[in-house]
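Trainee: I would like to learn how to read a model of this kind, one feature at a time. Could we go through it together, with the general idea before each case?

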Amino acid sequence: MPADADDSPCSISEGQGSLDEFSLIKRFFVRPEIGAGAWPSSSIGDDCAILTIGAVKIAVTADMMALGTHFLDDADPYTVGKKALAVNLSDLAAAGASPKAFFLSIALPEADPVWLKGFSEGLFEAAERFHCPLRGGDTTKAASVNGLPGKTCISICAMGEVEGDSYMTRGGAKPGDDIWVSGTPGDAYAALGSIWGQFEVPVNDFSYFKARMDTPTPRVELGQKLKSVATACCDISDGLVGDLGHILERSKVSAILYWKDFPRSEQMKRLPEKVQRRCVLSGGDDYELLFTAPKNKRAQIENLNEGGAVKVTRIGEIAPAAEPLKVLDQDGKSIELSKSFNHFA
Ligand SMILES: Nc1ncnc2c1ncn2[C@@H]1O[C@H](COP(=O)(O)OP(=O)(O)OP(=O)(O)O)[C@@H](O)[C@H]1O
Ligand SMILES: Cc1ncc(C[n+]2csc(CCOP(=O)(O)O)c2C)c(N)n1
Ligand SMILES: [Mg+2]
C-alpha cells in the first residue's frame, strides 16, 4: 500500500542536547532538498530510501560495520561476511523490497587469504540465499595508527525492487493500529550481554543465543507479505523500543506495549525477568520486523503464521501523539526502560 511519505527535511529525533548518533545525523547530514532533476525520495530517516526513477521505484540502503563496534574483535570471518549482508537485506525487508544487487566496500588491515576466504564464503552464502548479486565496490587498506593495526571495516549498499507504490516506511502508523513483531527479539543481546559479563545465561543455552547474534535471518519474505497490510514498518537493529521510537516519530504518534504479550524464546524464558526485559525491550541486533497495521487486518496477519517461516505476534497498539510511549507489565504498571543501542550515547 502507498505509505505516507514525510517530506519534512528534518525528521530524525534529536537527543537531549547531546550529539548522539541521531542528533549528529540530523544536524550535519539532513538538508533541505537541493536536487533539481535528482531522483525524488522522501526525507532521510527510513530503513531504505525509496528512489523514484521515472516510472520505477527502487529501495536503497547502506550499512557500515566495523570490527570492535559491530563484531567482536575475534569474530569468525564467515559470520562477519554473512551478517554484513544480512543486516542490509533486513533494511530492504523492512521496506517490503525484494533484493536485487549490492555493492561492497571494505577496508582491511592486511590481505589475509584465510580471513578473506571465510568472509567471502559467508557473504556469498547470504547473497545466493536471497538472490542478491554483488555488482561492485571498493577495497582499501585500513592503515595502522600510532603503531596500532587498523580495524576491518565493511560498508554494503544494497538495492531492492519496489512493486509500484507497494512499499513500507516508518511513517503511516495511525492511533488504534496494532503493533506486531516477528520472531523472538532479545536473543542476540542475551549472548552479547553475557559475553560482556552483565548477566549469566545457562551454559547449555549460550550457543542458541550466540547463533541468534551471529546469524540473523533477514525477514525478506515476510516483508513482501506485509507491504499490502502494514501501515509502517522498520527492522530492529538498535533495540525494539528505540526502533519503535523511530516509527512513532516519523508517524507522529505514540504507543502502548504489553509486556505479557511479548514473544520470548524458550531460552529467554529461562533468564531472570529483569534480564529478559533488558534483552527483549532494548537489546538490539535482532533484525526482526516491527510493524503496525489496522485492527481489521488481524485475521489476515495471523494467517501469515500458517506455514510462515517466522511467527508474528501482536504486542501493543498505537496511541495519539500526546501520550508518552509506555510498556506496561501484567499489573498495568509502567516498566522502566533501558536505552536502546546508540553509537554516541
Ligand atoms: N551519514 C549519513 N548521511 C545520510 N543519512 C544517514 C547517515 N547516517 C544515517 N543516515 C540515515 O539516517 C537514518 C537512520 O540511520 P540508521 O543507521 O540508524 O538506520 P537504521 O535502519 O535505523 O539502522 P540499521 O541501518 O542498523 O538498520 C536512515 O534513514 C539512514 O539512511
Ligand atoms: C562488539 C559488539 N558491540 C556491540 C554490538 C551491538 N551493536 C553494535 S551496532 C548495533 C546497532 C546496529 O548498528 P547500526 O546502527 O550501526 O546499524 C548493535 C546492537 C555488537 N553486535 N558487537
Ligand atoms: Mg534498519
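**Reading the annotated sites, a helix and a sheet**

Mentor: Let us start with contacts, remembering that this is a predicted model. Leaving aside its neighbours within four places in sequence, Phe341 is in contact with Asp238, Gly239, Gly242 and Gly284. Phe341 itself lies in the segment after β11 (326–328).

Trainee: Where is Asp285 found, and which residues is Asp285 in contact with, leaving aside its neighbours within four places in sequence?

Mentor: Asp285 is found in the loop between α9 (273–282) and β9 (289–293), and, with those sequence neighbours left aside, its contacts are Ala188, Tyr189, Leu192, Met213 and Ser237. In an unreviewed entry, UniProt places the feature "binding site" at His70, Asp285 and Phe341. These three are spread over 272 residues of sequence, yet they cluster in space, with a largest C-alpha distance of 11.1 Å.

Trainee: How should I read the sides of a helix, and which residues of α3 are buried?

Mentor: An α-helix has 3.6 residues a turn, so residues three or four places apart point the same way. In α3, the buried residues are Phe119, Gly122, Leu123, Ala126 and Ala127. They cover an arc of only 140° around the axis, which puts them on the same side of α3. Pro113, Val114 and Glu128, on the other side of α3, are exposed.

Trainee: What do the buried residues of α3 pack against?

Mentor: They pack against α2 (77–95) and β4 (134–141). As for its length, the 17 residues of α3 (residues 113–129) should span 24 Å at 1.5 Å a residue, which agrees with end C-alpha atoms that are 24 Å apart.

Trainee: What is the order of the strands in the open sheet?

Mentor: Strands of a sheet pair through backbone hydrogen bonds, either parallel or antiparallel. Here the open sheet has 5 strands in the order β1-β2-β5-β3-β4, with mixed pairing. β1 (49–53) and β4 stand at the edges with a single partner strand each, so one side of each is left without a neighbour in the sheet. β1 and β2 (residues 56–66) run antiparallel and are joined by 5 bridges; Thr52, for example, has Lys57 in β2 as its bridge partner.

Conventions. Residues are numbered from 1 along each chain as its sequence is written. Chains are lettered from A and ligands numbered from 1 in the order in which they are written. This is a predicted model: local features need pLDDT of at least 70, side-chain atom pairs count only at pLDDT 80 or more; totals for chains, interfaces and linings use all residues. Helices (H or I, at least four residues) and strands (E, at least two) are DSSP runs, numbered from the N terminus. The expected span of a helix is 1.5 Å times one less than its number of residues. A residue is buried if 20 or more other C-beta atoms lie within 10 Å of its own, exposed if 12 or fewer, and partly exposed in between; C-beta atoms are placed from the backbone. The arc is that of the directions from the helix axis to the C-beta atoms. Two residues are in contact if their C-beta atoms, placed from the backbone, lie within 7 Å. Two strands pair if DSSP finds at least two bridges between them. UniProt positions are given in the numbering used here, feature names are shortened, and annotations may be inferred rather than shown by experiment.
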